[in-house]
Amino acid sequence: MENIFETNVLDSNEAKVMDKLTIESGIMEETLMEQAAFAIADVASSFSPKKILCVAGTGNNGGDCIAAGRILHNKGYNVEIYIYGKNQSNGFKKQLLIAENYGLKIKYNKDFSDEYDLIIDGLIGIGLNGEVRSSIKTVIEKINSSNAKVISEDIPSGISSDTGEVMGDAVHADITITFGNLKIGQILYPGREFSGKLKIAELSFKKFISNRKIITPDIIKVPNRKKDSHKYDYGNVLILAGSSKYPGAPILTALGAQRIGAGLVTLITPGDSSKILSFEPSIIYSSLNKNNFEKNDLKKLNDEIERANVIILGPGMTEDSIEFVVELIKKQGRTKNIVLDAESIQAIKEFESLSENILITPHVGEMKKIFKNLKNNIFELERFSKQKKCIIMLKSSITTITDGEKTFFNLLGSSSLSKGGSGDLLSGIVGGLIAQGLDTINACITGSYIMYKTAKELSNEYTEYFITPKLISENLYIGFKL
Ligand SMILES: NC(=O)C1=CN([C@@H]2O[C@H](COP(=O)(O)OP(=O)(O)OC[C@H]3O[C@@H](n4cnc5c(N)ncnc54)[C@H](O)[C@@H]3O)[C@@H](O)[C@H]2O)[C@@H](O)CC1
Ligand SMILES: Nc1ncnc2c1ncn2[C@@H]1O[C@H](COP(=O)(O)OP(=O)(O)O)[C@@H](O)[C@H]1O
Ligand SMILES: [K+]
């Protein structure tokens, strides 16, 4: 069974709602804090520290930190607690009182020395509200310049739990122990980098299902292959891509569609991409013998378009083909599954709304061209997807897939994919899965998983330097082994 605690990705609002629902159900806040503190203390003990510094803010994140300090003190560790800030939450006040009663050393708003080998960062958690104030920034700088190992509670202080952005400055953690569920800010860069190793401490939270999840093997859906079958059972992919300038890109797309199992793959390019036939002779190939696609090519391509159940547009196209793409979307956008990749994505500027059978697969640069306010913001991406009524696979070091309602994060990518052509291959893989009957979201989840996993496994053997999109396509079977 899927473990929701490990795949859910919460925003700060959801995390607060989950806290509230748990407390309303009868679990006391103190109980959650004690559980959080024990989880922190367990990890802290594993470092066998000689001298521990607990750096606490005055909210509940600070409360957890004081409680962890108290537990470690009770276990016999040498612990000191330094507190920074003014407005004390109730949870914090309670923990402070207990720590005083237990005889801990506590200092307020004082500079700390460099004698500690472990720091527990409980300055700010999901309660961060804007840029870090300068007094706290100084403390963060001090933590970062220390040689001690650092454990961050819930999220590194200074990282926005909603975007992963550094809000002025942030703690560089060796380990982050997060409570209940992952938060967006721990998985998107740069927050992911600042978090170090991530651990989830479950606590007794009430079950809370979020619409955002990380992609794990249990949600991958590989299309069935029947014994009694023929090629038409596995779909017909039409790839209209390339240009005289970029003849290589569509070759990778065609290889992706073919190697993921599509029944028929047809590639039509303006320029000469006939090399595809030496890589994979089973692909049906023809060229229009020109530089780019033009609007009036649609008529010539009518039969191929009618036969296809997925059309992939874009890899290797130049902007001179955009009019053609706009026209094709106008004619087929409500009936055919269409994957828009690379330059063809710019065509959607011409439409107020599309339909859920249209997928766009931009990298961040392409996305910013169609949506200037993107920043690092999942909420904006989801809103854009809903408003345009199309599915988006935003490709980056973390790939985000959304239909505006549900969002999935692929964390498997590696720098072996930071090479021209990786995206071309991916659009073919995803299109090939749609052709085999997967719905678009599941095709993106499964396709990106299989491709990124293959790249990762190959990198273990050949290094991230050596891997190429073609090599990935030839070894795609590796990614099927979930
Ligand atoms: N409420 C609950 O039931 C639980 C909460 N938990 C902890 O509580 C945290 C949330 O607690 P809170 O809601 O009290 O918030 P936080 O403690 O995360 O943040 C509030 C504190 O950060 C300071 N702060 C906020 N923005 C700042 C800025 N821009 N610059 C400088 N300082 C800033 C505030 O002055 C305050 O001291 C979670 O991250 C988690 O660690 C856990 O104990 C689990 C249970
Ligand atoms: N550092 C990285 N970590 C993880 N994945 C990456 C990284 N760099 C690139 N990728 C992935 O590689 C692919 C690159 O796509 P794209 O930029 O469209 O390439 P191209 O247009 O050259 O084919 C995307 O799927 C992206 O998610
Ligand atoms: K923290």
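Helices (H or I, at least four residues) and strands (E, at least two) are taken here as DSSP runs, numbered from the N terminus. By that scheme, lysine 395 sits in the loop between β17 (391-394) and β18 (399-402). This is a predicted model, where local features need pLDDT of at least 70, side-chain atom pairs count only at pLDDT 80 or more, and totals for chains, interfaces and linings use all residues. Residues are numbered from 1 along each chain as its sequence is written, while chains are lettered from A and ligands numbered from 1 in the order in which they are written.

Lysine 395 counts as buried because it has 24 C-beta neighbours inside 10 Å. The cut-offs, with C-beta atoms placed from the backbone, are 20 or more other C-beta atoms within 10 Å for buried, 12 or fewer for exposed, and anything in between for partly exposed. Isoleucine 398, also in the loop between β17 and β18, has 17 such neighbours and so counts as partly exposed. Contacts are pairs of residues whose C-beta atoms, placed from the backbone, lie within 7 Å. Setting aside neighbours within four places in sequence, lysine 395 is in contact with Thr361, Pro362, His363 and Gly423.

Lys395 and Gly423 turn up again in the UniProt annotation "binding site" (unreviewed entry), along with Ser396, Ser397, Ile398 and Thr399. Such annotations may be inferred rather than shown by experiment. Though spread over 29 residues of sequence, the annotated positions cluster in space, with a largest C-alpha distance of 13.4 Å.

Now for the ligands. Ligand 2 is surrounded by 17 residues, and Lys395, Gly413, Leu417, Ser418 and Gly423 are the closest; a residue belongs here if its C-beta atom, placed from the backbone, lies within 6 Å. Helix α16 (residues 422-435) gives the largest share of this shell, four residues. Around ligand 1 there are 30 residues, the closest being Gly59, Asn60, Asn61, Gly125 and Gly127. The elements giving two or more residues to that shell are α2 (12-24), α3 (29-46) and α4 (60-74).

As for overall layout, an automatic or database assignment sets the domain bounds, giving domain 1 (4-210) and domain 2 (217-480). Their centres, taken over C-alpha atoms, are 42 Å apart. Eight residues of domain 1 are in contact with seven of domain 2.

The largest nonpolar core has 142 residues, of which Cys54, Ala68 and Val237 touch the most other members. Such a core is a set of buried Ala, Val, Leu, Ile, Met, Phe, Trp, Tyr and Cys residues joined through C-beta atoms within 7 Å. Domain 1 and domain 2 both give residues to this core, so it lies between them.

Note on methods
Two residues are in contact if their C-beta atoms, placed from the backbone, lie within 7 Å.
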